[in-house]
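Hi,

Here is the structure I promised to pass on to you. Please have a look, and then read on for what I found in it.

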Amino acid sequence: MFRGGRLWRICLWLFGKCFYRSLILRLPLLYLLLFVAACGDRSNSVAKLEPLATFVPTEANRHIAVLEVAELEKQAAQAIALQDEQVIAFAHTVDSQDDNAMPLRTQVFGIWPVLPGDVTEQTADCRTEGRCYRVELYNFAYNQSLVVWVNLEIQSVIYTAGLPDTSPELPPALTERAVEIALAAPEVTAELGFTPDAGKAVMANIKTALNNTTCERSRHLCVAPTFIVGQAALWAIVDLTDERLVGVRWTDVGGVGTTMVTQQTLEYETVFEHYCQQTTHWVQDSWSMDYVLTSSDGLLLTAVRFEDAPVLESIKLVDWHVSYSGTDGFGYNDAVGCPIFSQAAVGAYAAPYVETITSADGEVAGFALIQDYAHPNWPMPCNYRYQQRYEFYRDGRFRVAAANLGRGCGNHGIYRPVFRIHLAAPADGYTFEEWDGTAWQTWEDEGWQLQEQETPYTPEGFQYRIMDGQGRGYGLIPGTGQFGDGGRGDHAYVYVTRYTQGEGDMNLVTIGPCCNTDHLQGPEKFINEPPEPIRGENIVLWYVAQMENDSVPGSEYCWADVVVEEGVFVPRVWPCMAGPLFVPSQGDSP
């Protein structure tokens with residue numbers, strides 16, 4: 001078997017760039033063939049590449065819509081996946097008698113090389129073998145995703161994970177189909193007063209919803225090609241399951257502004273090579289950790305330790321849910337992560353960086369690890385910019401936070417970042433407790449709770465605490481506007497689930513709808529029915545803050561604009577930040 005993983009990946013990457021340039025510049029194909037031969041002729045250092053699998057349709061899988069890809073390894077990964085019994089079962093009705101199972105509309109949405117941030121315990125072989133792919137499928141009938149890990153070294157599926165009521169990021173052909181449906185709809189032309197050009201559609205590949213339509217009632221796959229007209233945006237909401245327009249909606253996006261971030265694309269390949277393909281080990285102020293950019297779960301931190309004691313198994317930012325109407329229920333699901341070769345809707349445009357945190361008296365109190373994500377045309381309308389901020393203090397405290405820096409597709413949006421926080425469990429597990437105003441109350445089972453105006457806190461500001469059998473752990477302080485970062489309070493949903501392999505530790509597709517106004521934000525999928533006991537167990541916290549933007553002069557929040565300063569255009573940002581602070585606790589404190 002072939003073992004020269006890194007060399008071959010470099011050759012494939014360079015070949016892809018040359019192939020692209022050959023299409024643009026019409027370079028002779030001979031040069032490409034010579035290049036491949038040069039890469040392949042490494043008999044003295046690596047073994048020969050094994051023949052790759054090809055897809056041969058059968059009666060069981062011929063109805064699955066394949067993804068047209070040029071790369072041979074992606075073709076092989078898809079072929080291997082589509083022959084797997086679990087994939088075939090996923091593409092049929094659930095029936096106790098296999099002979100009666102009916103084929104269902106199923107499509108391959110994506111084929112992605114497995115990056116370091118995608119690897120879990122179940123796919124650990126991919127960390128060393130170097131030739132693994134994730135094949136993502138979507139079942140339109142059941143509104144379900146299936147993620148399939150394929151190891152090309154052994155030409156076999158090594159792991160599958162099904163996710164109900166989710167969908168992967170759209171492939172280009174389906175995005176083009178959504179735009180076609182929108183342009184052909186008379187309602188769109190009537191609202192705009194003209195037939196728009198396909199090239200003017202933005203956000204066409206980002207999933208959305210619309211209450212009281214099949215998007216909500218039947219849980220269909222819906223997207224919203226959006227057209228900017230002056231200071232407004234028309235959303236053409238398309239049901240891709242039924243392939244029809246289900247509604248149009250307008251939002252106010254404010255002034256048009258101007259593009260400010262054109263230089264960011266120059267950094268994309270550097271970010272991918274150094275922070276998506278490699279894990280960075282960081283040590284500072286008695287803290288140590290590993291971090292890596294994932295395909296769609298933001299900056300992932302693992303193996304976080306303080307004074308050499310384990311603190312966190314992992315932290316990541318799974319989704320951004322953006323809703324522009326509390327009644328009509330439409331908006332977007334945004335994922336953040338690697339800028340290329342990933343499912344992220346908003347990519348990292350620069351490397352993560354470290355910022356010193358100082359106390360009120362000017363003393364160094366700790367540091368923050370920060371990652372920015374932005375659309376290239378931010379802060380133009382319907383372009384987004386987000387930030388992850390992990391704060392680590394010299395006294396052992398840490399904070400998990402995220403910020404929206406505008407501008408978005410409307411000035412009345414609610415932004416909900418979805419954090420997954422997996423504490424390093426002691427041998428006797430953790431007990432999760434809630435302050436009821438007079439005493440700590442233990443949660444016996446998995447559950448969720450909303451931080452409300454009347455929520456009680458201890459005098460120190462704690463809402464929850466997580467304690468081990470020896471009375472050690474952490475108190476959790478939610479955001480109430482007290483952190484000095486401009487936040488107006490998190491109004492957060494907190495979910496506590498019992499840790500189970502495969503329930504959220506892998507790189508996740510979009511797990512929740514964009515626009516629900518209740519606790520159905522996605523993490524509830526991991527609360528079992530009936531809920532599992534969590535006292536003394538390995539637990540996972542999910543934290544979903546809620547921040548509402550405002551463009552009214554003098555009270556801007558979660559907003560960005562372009563202003564003139566000293567004769568030039570500069571961006572002006574009114575950020576909103578949310579996230580909990582964890583404080584080491586021992587005995588009766590907090």
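The chain has nine helices and 32 strands, where helices (H or I, at least four residues) and strands (E, at least two) are DSSP runs numbered from the N terminus. This is a predicted model, in which local features need pLDDT of at least 70 and side-chain atom pairs count only at pLDDT 80 or more, while totals for chains, interfaces and linings use all residues. Residues are numbered from 1 along each chain as its sequence is written, and side-chain values use heavy atoms, with hydrogens and water left out.

First, the confidence. The mean pLDDT (the predictor's confidence in each residue, from 0 to 100) of the chain is 86, and 87% of the residues reach 70 or more. Over residues 1-49, however, pLDDT is below 50, and this stretch has 37 contacts in the model beyond near neighbours in sequence; a contact means heavy atoms within 4.5 Å. Residues 259-266 also stay under 50, with 17 contacts beyond four places in sequence. Where pLDDT is low, the predicted coordinates should not be read in detail.

Now the chain overall. Of its 590 residues, 54% count as buried, meaning under 20% relative accessible area, with exposed over 50% and partly exposed in between (1.4 Å probe, protein chains only). The chain exposes about 25,200 Å², and carbon and sulfur atoms supply 51% of that; accessible areas come from the Shrake-Rupley method with a 1.4 Å probe, and for residues only the protein chains shown count as cover. Among contacts with a separation of 6 or more, 64% are between residues 24 or more positions apart.

Helix 3 (residues 72-82) is mostly covered, with nine of its eleven residues buried. Among the buried ones are E73, K74 and Q78, along with A76 and L82.

How many disulfides are there? The count comes to six, taking a disulfide as a pair of cysteine sulfur atoms within 2.5 Å. Three of them are described here:

- C126 is joined to C132, with an S to S distance of 2.3 Å. The torsion about the S-S bond is -90°, a left-handed link, and both C126 and C132 are buried.
- C215 and C222 have their sulfur atoms 2.0 Å apart. This link is left-handed too, with -95° about the S-S bond. C215 counts as buried because its relative accessible area is 7%, and C222 does so because its relative accessibility is 1%.
- C276 pairs with C338 at 2.2 Å from S to S. The torsion about the S-S bond of C276 and C338 is about -130°, so this disulfide is left-handed. It links distant parts of the chain: C276 lies in helix 9 (residues 268-276), and C338 in the loop between strand 14 (336-337) and strand 15 (346-347), 62 residues apart. Both C276 and C338 are buried.

One more residue to look at is T208, found in the loop between helix 7 (186-192) and helix 8 (214-217). Is T208 buried or exposed? T208 is buried, because its relative accessibility is 9%. Its side chain reaches the backbone oxygen of G331 at 2.4 Å. Leaving aside residues up to four places away in sequence, T208 touches C222, V223, A224, W235, I237, F330, G331 and C514. C222 in that list is the disulfide partner of C215.

Best wishes

Terms used. Polar contact = N/O pair within 3.5 Å; in protein donor to acceptor, adjacent residues only side chain to side chain.
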